[in-house]
Amino acid sequence: MAIDATRAGSAVGSDPAALPRGGASPAMRWAAWALIWVGSVLVGGSGVIHYHLWASLGYNNIPTIGPLFLFQAVASWVIAVITSLFRKWWLAGLEAVFSFATAAGLLWSVEVGLFGWQDSLSAPFAGMALSVELAGGVVLSLATSILVAPRLKGALKARRNQQLANRAA
């Protein structure tokens, strides 16, 4: 007799890529949510740094880079608030990617230049921004891993059980 995984509360039978319900224990979920909050604060802090550089230190006068600094500030605040409110693993993952991408943009502008602008890690707040962005990305990646790992384990187990049931049928 074949096991119908869709009736067992899992979408594995209909879509092998779907993650089953369940996941981390309540204590691990609380830890992940705390990490999401900390990571969101760090991403929001990166936005504060970018806004300060844009509004007070003349970055608003740099063509292309100026508007990107303002965009980064607003986008970081929006994604930080949304992720903090909804606490979904995929939002935390998206926020981690955003944080790492912002750090990569800074490093690219230091090493290669970006839109005709060469930055320096000795520029005001550059080191702080890089530290905050990398820390935010690491913390949010950890939170995402805590939330996703048990689901992946469950999905692999359900898939293995489905394959065994199909062989027996």
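Colleague: On a 1 Å grid over the protein atoms alone, a pocket is an open set of points where a 1.4 Å probe fits, with protein on both sides within 12 Å along at least five of seven lines. What is the volume of the largest pocket?

Modeller: About 420 Å³, taken as the space filled by probe spheres set on the points. This is a predicted model, where local features need pLDDT of at least 70, side-chain atom pairs count only at pLDDT 80 or more, and totals for chains, interfaces and linings use all residues. Numbering runs from 1 along each chain as its sequence is written, and side-chain values use heavy atoms, without hydrogens or water.

Colleague: Which residues are closest to the centre of that pocket?

Modeller: H50, F69, T102, G105 and L106. They belong to a lining of 24 residues, each with an atom within 4 Å of a point.

Colleague: Which elements give two or more residues to the lining?

Modeller: α1 (26–56), α2 (65–86), α3 (89–111) and α4 (126–168). The largest share, six residues, comes from α3. These helices are DSSP runs (H or I, at least four residues).

Colleague: How do the lining residues divide into nonpolar, polar and charged?

Modeller: There are 17 nonpolar residues, five polar and two charged. Asp, Glu, Lys and Arg count as charged; Gly counts as polar.

Colleague: Step back a bit. What secondary structure does the protein chain have?

Modeller: Four helices and zero strands. Along the sequence the pattern reads α-α-α-α.

Colleague: How much of the chain is made up of buried residues?

Modeller: 36% of the 169 residues are buried, meaning under 20% relative accessible area; exposed is over 50%, and partly exposed is in between. The accessible surface of the chain is about 9,800 Å². Carbon and sulfur atoms account for 69% of that surface.

Colleague: And the contacts? What share joins residues at least 24 apart?

Modeller: 69%, among contacts between residues at least 6 apart in sequence. A contact is heavy atoms within 4.5 Å.

Colleague: Which residues make up the largest nonpolar core?

Modeller: A32, W33, I36, V43, I79, A92, A96, L140, A143, I146 and L147, 11 in all. Elements giving two or more residues to this core are α1, α3 and α4. A core here is a set of buried nonpolar residues joined through side-chain atoms within 4.5 Å. There is also a second, separate core of 10 residues, including I49, F69, A123 and V132.

Colleague: New topic. Where does F115 lie?

Modeller: In the loop between α3 and α4. Phi of F115 is near 50°, a positive value in a residue other than glycine. Most residues other than glycine have a negative phi. F115 counts as exposed because its relative accessibility is 54%.

Colleague: What about phi of F125?

Modeller: Near 70°, again a positive value in a residue other than glycine. F125 also sits in the loop between α3 and α4. At a relative accessible area of 34%, F125 is partly exposed.

Colleague: And L114, what does that touch?

Modeller: I65, G105, W108 and S109, not counting residues up to four places away in sequence. L114 is in the loop between α3 and α4 too. Its relative accessibility is 25%, so L114 counts as partly exposed.

Colleague: Last one. Where is A55?

Modeller: In helix α1. A55 is partly exposed, at 39% relative accessibility. From A55 to G66 is 9.4 Å, C-alpha to C-alpha, and 11 residues in sequence.

Technical notes:
Buried means under 20% relative accessible area, exposed over 50%, partly exposed in between (1.4 Å probe, protein chains only). Accessible areas come from the Shrake-Rupley method with a 1.4 Å probe; for residues, only the protein chains shown count as cover.
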